[in-house]
Amino acid sequence: MGVGVVKVEDIVDTGNTVSCLIAHLEKKGASSISVCTFLDKPARRTANFQLVGDGKFYRGFECPDYFVVGYGMDYAELYRNLPYIGVLKAEMYKKDTSN
Ligand SMILES: O=P(O)(O)OC[C@H]1O[C@H](OP(=O)(O)OP(=O)(O)O)[C@H](O)[C@@H]1O
């Protein structure tokens, strides 16, 4: 009998990370896989992952389609240690194409 796994995340965005991890853990014999995430950004989902066994999806908050930082979430390793969730302005992460 396989073990039950709870994958804890800060954010589920496209779903690619969780999708790959579920496939890997299932191959390793997990009998149930749950996902527990602080933030969930369904507007950006491209990978529709399937939980395993009696696995559940637990989410703290639904996040609108903003670039959020803080509480462990970064932009190029910046802002990760902010003690709050911040929304990054687009001009901070969009490349300047004028040059
Ligand atoms: O749903 P997805 O689009 O796959 O994105 C979610 C993943 O992205 C972030 O990690 P990231 O790869 O930025 O690395 P980090 O944990 O070092 O910040 C976050 O911690 C999740 O693991």
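Q: How many aromatic pairs does the structure hold?

A: This is a predicted model, and the structure holds five aromatic pairs. One of them joins Phe38 and Phe61: the ring centres are 6.0 Å apart and the planes stand at 90°, so this pair is edge-to-face. The cut-off behind that word is an angle over 60 degrees between the planes.

Q: Which parts of the chain does the pair of Phe38 and Phe61 tie together?

A: Phe38 belongs to strand 2 (residues 32-40) and Phe61 to strand 3 (residues 57-62), so the pair ties together parts that are 23 residues apart in sequence.

Q: Is Phe61 buried or exposed?

A: The class follows from the relative accessible area: under 20% is buried, over 50% is exposed, and values in between are partly exposed. Phe61 has 52%, so Phe61 is exposed.

Q: What geometry do the rings of Phe67 and Tyr75 have?

A: Their centres lie 5.6 Å apart and their planes are at 90°, so this pair is edge-to-face. Phe67 is partly exposed at 27% relative accessibility, and Tyr75 is partly exposed at 25%.

Q: Which residues line the largest pocket?

A: The general idea is that rolling a probe the size of a water molecule over the atoms shows where empty space is left. Here the largest pocket has a volume of about 160 Å³. Its lining is made of Asp10, Ile11, Asp13, Lys41, Tyr66, Phe67, Val68, Gly72, Met73, Asp74 and Arg80. Sorted by class, that lining has five nonpolar, one polar and five charged residues.

Q: What does UniProt list for residues 4-75?

A: The UniProt record, an unreviewed entry, gives "domain: Phosphoribosyltransferase" for that range. In the model, residues 4-75 are 17% helix and 36% strand, with the end C-alpha atoms 32 Å apart.

Q: How far apart are Lys56 and Ile33 in sequence and in space?

A: The two separations are read side by side. Lys56 and Ile33 are 23 residues apart in sequence, while their C-alpha atoms are 7.4 Å apart in space. Lys56 sits in the loop between strand 2 and strand 3 and is partly exposed, with a relative accessible area of 44%.

Q: Where is Ile22 placed, and is Ile22 buried or exposed?

A: Ile22 is in helix 1 (residues 16-27). With 6% relative accessibility, Ile22 counts as buried. The C-alpha atoms of Ile22 and Lys7 are separated by 8.8 Å, and these residues are 15 apart along the chain.

Conventions. Residues are numbered from 1 along each chain as its sequence is written. This is a predicted model: local features need pLDDT of at least 70, side-chain atom pairs count only at pLDDT 80 or more; totals for chains, interfaces and linings use all residues. Side-chain values use heavy atoms; hydrogens and water are left out. UniProt positions are given in the numbering used here, feature names are shortened, and annotations may be inferred rather than shown by experiment. Helices (H or I, at least four residues) and strands (E, at least two) are DSSP runs, numbered from the N terminus. On a 1 Å grid over the protein atoms alone, a cavity is a set of points where a 1.4 Å probe fits but cannot get out, and a pocket is an open set with protein on both sides within 12 Å along at least five of seven lines; lining residues have an atom within 4 Å of a point. Grid points are joined across faces, edges and corners, and a volume is the space filled by probe spheres set on the points. Ala, Val, Leu, Ile, Met, Phe, Trp, Tyr, Cys and Pro count as nonpolar, Asp, Glu, Lys and Arg as charged, and the others, Gly among them, as polar. Rings of Phe, Tyr and Trp (its six-membered ring) pair if their centres lie within 6.5 Å; planes under 30 degrees apart count as stacked, over 60 as edge-to-face and the rest as tilted. Buried means under 20% relative accessible area, exposed over 50%, partly exposed in between (1.4 Å probe, protein chains only).
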